[in-house]
Amino acid sequence: MAYTRYHLNGTAPPAIGDHLVTNKSEPIFKLTHDDCHTHDMTFMACNPAFYAEKGVPGHRSCAQNIAEAMKPWGMRSYLEAASVDPFNVFQNTPDMTLKDLGCSRAGDFVEFEVLKDAVVAVSSCPYDVVSAVSL
């Protein structure tokens, strides 16, 4: 998402009509609908080492979930997934943004127009160790 933030002149999240771009600065998705307008583009994907440091070894993580889903497409380790900036749809990470907490509602959705062939993996945030505010 660092390249997308750069192309959006540092504003985040993208607005309707804005593009998500690849690390080659190529538009890959165009945002066409967004009920929530709050999506974290700054917080990293959690990973097994993150949880081990918090005293919870073996806890599920976004990077691990993504790596497992992407294995058929050549991803070999959660370390590869952890190196990618996530687009945390509907996630509002406290202290990382000034938006209100709990801003998405049942039935909200985002829609993208796909501009290039892509394989996309999704992970539901498994963070449940302590309040996100204390990160």
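Two strands count as paired if DSSP finds at least two bridges between them. In this predicted model, that criterion applies to β1 and strand β2 (residues 27-34), which three bridges join in an antiparallel arrangement. Within this pairing, Val21 has Pro27 of β2 as its bridge partner.

Strands of a sheet pair through backbone hydrogen bonds, either parallel or antiparallel. Here the three strands form an open sheet in the order β1-β2-β3, with antiparallel pairing. β1 (19-21) and β3 are the edge strands, each pairing on one side only. From one strand to the next, the twist averages 30 degrees.

Ser25 is partly exposed, because its relative accessibility of 33% falls between the limits of 20% for buried and 50% for exposed. The second residue is His37, in the loop between β2 and α2. His37 is likewise not a glycine, and its phi is positive, at about 65 degrees. With a relative accessibility of 44%, His37 also counts as partly exposed.

The packing of side chains may be considered next. In soluble globular proteins, nonpolar side chains tend to be buried together. The largest nonpolar core of this model has twelve residues in all, among them Ala45, Phe50, Tyr51, Ile66, Met70 and Tyr127. Helices α2 (48-53) and α3 (62-70) each supply at least two residues of this core. The largest share, five residues, comes from α3. Apart from this core lies another, of six residues, including Leu20, Phe29, Met41 and Phe87.

When its neighbours within four places in sequence are left aside, Tyr51 is in contact with Cys46, Val56, Pro57, His59, Arg60, Ser61, Pro126, Tyr127 and Val129.

The aromatic rings provide a further view of the packing. A pair of aromatic rings is described by the distance of the centres and the angle of the planes. A search of the whole structure finds three aromatic pairs. In one of them, Phe87 and Phe112 have ring centres 6.0 Å apart and planes at 75 degrees, so this pair is edge-to-face. Phe87 lies in the loop between α4 (78-82) and β3 (110-114), whereas Phe112 belongs to strand β3, so the pair ties together parts that are 25 residues apart in sequence. Ring pairs also link Phe29, Phe87 and Phe112 into a cluster. Phe29 and Phe87 belong to the six-residue core, while Phe112 is partly exposed, with a relative accessible area of 27%.

Totals for the chain complete the description. Of the contacts in the protein chain with a separation of 6 or more, 63% involve residues 24 or more positions apart. Buried residues make up 30% of the 135 residues. The chain exposes about 8300 Å², of which carbon and sulfur atoms supply 54%.

Notes
Residues are numbered from 1 along each chain as its sequence is written. This is a predicted model: local features need pLDDT of at least 70, side-chain atom pairs count only at pLDDT 80 or more; totals for chains, interfaces and linings use all residues. Side-chain values use heavy atoms; hydrogens and water are left out. Rings of Phe, Tyr and Trp (its six-membered ring) pair if their centres lie within 6.5 Å; planes under 30 degrees apart count as stacked, over 60 as edge-to-face and the rest as tilted. Helices (H or I, at least four residues) and strands (E, at least two) are DSSP runs, numbered from the N terminus. Buried means under 20% relative accessible area, exposed over 50%, partly exposed in between (1.4 Å probe, protein chains only). Axes are lines fitted to C-alpha atoms, for helices over the stretch in contact, and angles run from 0 to 180 degrees between N-to-C directions. A nonpolar core is a set of buried Ala, Val, Leu, Ile, Met, Phe, Trp, Tyr and Cys residues joined through side-chain atoms within 4.5 Å. Contact means heavy atoms within 4.5 Å. Accessible areas come from the Shrake-Rupley method with a 1.4 Å probe; for residues, only the protein chains shown count as cover.
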